[in-house]
Amino acid sequence: MNEAAPPSLGLTTREANTRLKVHGPNTLKGLRSVKWHEILLRQFASTLILILLFAAIVAGILGEFVDAIAIAAIVILNGALGFVQEWRAENTLQALRSLLAETALVFRDGREQKIDVKDVVPGDLVIVEAGDRVPADIVLSQALALRVDEAVLTGESEPVAKVSGQADEDQDKELFMGTSVVHGRGTGLVRATGMQTEFGRIAALTGSVHSEPTSLQRKLGELGRQLGLLAFGLCLLVVVTGVLTGKDLAVLVLTGLSLAVAVVPEGLPAVVTVTLALGATAMTKRRALARRLQAIETLGAASVICTDKTGTLTENKMTVSALWCGGTRVDVTGVGYDPIGVFEVEGAEVDPRTLPSLREALNCGFVCSHAHLEEQNGAWQAIGEPTELALVVAALKAFPSQEMARNLVGEFPFSSERKMMSVIVTVPEGFKVCAKGAPEAILPLCTRMMMGSGAVAMTSSQRSEIQSTYEAFADNGNRVLALAIKTVSGADVPQDEAEADLIFLGLAAIIDPPRTEVPKAVASARRAGIDIVMITGDAPRTAAAIGNSIGLEDVKPIMGEALDAMSSAELTDLLKQGRLFARTTPEHKLRIVECLQDQDAIVAMTGDGVNDAPALRKADIGIAMGIRGTDVSKDVADLVLLDDNFATIVAAIEEGRRQYTNIKKFVRYLLTSNAGEVVAIIGSLIIGGPLIFLPIHILWMNLITDGPTALTLGLEKGESDIMKRPPRHMSDSIIGRDGLFIILIFALYTGTATLFAFYSHLEHGVLYAQTVAFTTMILLEKFSVFAFRSFSEPVYRIGFFSNPLLLLAVTATVALQCAAVYWPPLQAVLSTTGLAWDTWILIIWLVTPVVVVPEILKFVREMLGKREDQKAS
Ligand code: ATP
């Protein structure tokens, strides 16, 4: 096969490997987004840590040296724990980033190959086309309508036209690494790679996974600050009232500080970060890569999915199943990209060479595409765009590859707006235009039609026959392409001349079956209250047929053109009825997103092309395709589907809902624990007894034991009805009214129970009573975690052992508490003393209700619910 005369056939793999050793990989170094010392510093830069350090100093001044050292040790331990967790989270995200390794199309060993961008070397012959990010600095040898967005380098958003050969400015024939091709196609030699490129010099990386704080993290930060203020106020109140009533200042300061520490949920930011990072990993296992942590949170609230058809709902494995040429329908056998199949007319095999219009149509489809098919070790390797591959395969079913030639001298490229393309090629008689595209685009340009006898003027009855054949093909779910040719005088005829007065050759019906898993995913999304909107560039009948086969109800497709004439109010109305848009352009996607967002929908929008970027950016969750998506679309997306599959979006939403529910569980859990401590401290102040907890106890509870337990709550499996609930509103508070109620009830119980344990043991001395209160509170907190696993499903349904790490965390904390009470070195640090067995029995009595009562309530509620259901049915 002769591709458009490349200046050479590129490097050999051997030569490329040698050059790779000399020049190194084509990567940009030193651009890791967060440095380890930044993470470490961050651990000690919070207000809370400053409060604690202040507490340590106060304790030191007051002569409580053990306390001072213990507080300092806990601060350091907490910082180290936070550092390890965040460092691991950061590494996880880095590893996910590398999953998005980019590829480049190069000529090596005389043929086109897709290679990893990092393996590109100087001297490589590279091909770029619309949507690609330029993989290195390249000097162009061929440019066809090439336009490049160089904003990353120059800040100039207007695309720059690029040419080959004798350009006035050197820059006009050079492509720079990191810039994006927005139109056309080009071939050229790599001049520089990696840090030697212009981009490498500037070293500004695009396309990394962003880790700016999510809205949830920001809201929690805000909550933390408010609680910090509250803590400060309480602290001041205690000290002032204490001084006024003549209490010991040292005790007062310590109590105030304990309160401050008890109010602020220290572990929260770290737990949220780690959970989101773990969530990103879990999502990747389901084939969705979250490029921004925010995506995980937003996905859980998605209420509409706007999806492409081709490749997302369908397999994107296209096969020409029939052609209609010269008034005859010709069926083509065989599926996939193996060029093995025959041509049949009414069930009888025919030789395509004997039908001139068929022969011309197959040749036109072949010539007017960039796809390649090669046999390697007995297997067929397909490179290129599936629609074009289908046409190439059909042609190769008819003619051996040696007979096929593409002597390309000019091209008017495809765009989603034009829905067609054409090329100019040299043929023995001179120059020929070959065009292909949507029948709506090609037919108006045709004045003649190829029949057995040659080109004849097209009659209106022939036009309507073509139209009805087109509709019949499309009704069966086929993508239909029209093919046309004409001869021209030279290689440089303008587009409007080349694409006028064409000879219609025929229609190709291309089948692209829906993915098998899609109907199930559509049903699941529907159950979860999520609307599905199909937005496709394909024909309305094709879209409707595919829509029907995947379970989108029988709706009338809305044409992209109709959208242009519509006001926003009309579109809003329409969106309530119709959910299937055909023959759209990327701008329509943007309008649909905006309109849905005006109705307060949280929109997930898929896209793959370079022009989809604005819609992806505007959507609440922009979703790019990992396999067929352009680099530009991946750059702006929040989520990348590693398998391009619609079902993966639904899986990601399920994962997003699980993550969010789990975050909600542990936020409530941590706040409950802290609120319980506050109730105990304030209760004790009101009663007027000695200090119920030492500051070191509170630090131990909050910094050492709460975090790990909360973290394991983040690992809870999804509740069984997670995809049966409607989507949550983005503005819903993470705590909410019911959350506040739960926090209050638990805090009142745990606080009062601890007070009871404390005062009933005061006769054994303050040290003993404080140890009892400390241990009771820890056990109450640890065991209440079981209730927080789910407030709707009883334990026998979520499974007692379904979260083994949670059981491990609880067991480990209980063991640690035993060490805190009985092991002399810890006794010394924590000011504790051994407890008698009858004290343990009392503690167990006090702890039992936090486990048993919620389970009884959930059981009763479930029973009542069942009875309601029975009554209703
Ligand atoms: P979706 O938006 O669901 O991905 P799509 O891939 O069909 O659908 P476009 O790529 O915008 O959307 O294509 C629109 C139309 O353009 C197609 O229906 C087809 O008729 C025509 N078309 C697609 N690819 C080519 C091509 N390579 N050459 C010529 N025409 C094409």
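Is glutamate 781 buried or exposed? I looked this up and found glutamate 781 buried, with a relative accessible area of 2%; buried means under 20% relative accessible area, exposed over 50% and partly exposed in between, with a 1.4 Å probe and protein chains only.

I note that this is a predicted model, in which local features need pLDDT of at least 70, side-chain atom pairs count only at pLDDT 80 or more, and totals for chains, interfaces and linings use all residues. Residues are numbered from 1 along each chain as its sequence is written, and side-chain values use heavy atoms, with hydrogens and water left out.

**Glutamate 781.** I placed this residue in helix α26 (residues 766–788); helices (H or I, at least four residues) and strands (E, at least two) are DSSP runs, numbered from the N terminus. Leaving aside neighbours within four places in sequence, I found glutamate 781 in contact with Tyr669, Ser673, Glu677, Met701 and Asp706, where contact means heavy atoms within 4.5 Å. I also checked aspartate 475, which is 306 residues from glutamate 781 in sequence and 62 Å away in space, C-alpha to C-alpha.

**Ligand.** I listed the distances to polar atoms next. An oxygen atom of the ligand is 3.0 Å from a polar backbone atom of threonine 310. A ligand oxygen atom is 2.9 Å from an N or O atom in the side chain of threonine 536. For lysine 436, I recorded 3.1 Å between a side-chain N or O atom and a nitrogen atom of the ligand.

**Methionine 863.** I located methionine 863 in helix α30. Methionine 863 is partly exposed, with a relative accessible area of 35%.

Note on methods
A polar contact is a pair of N or O atoms within 3.5 Å; within protein, one must be able to donate a hydrogen and the other to accept it, and residues adjacent in sequence count only if both atoms are side-chain atoms.
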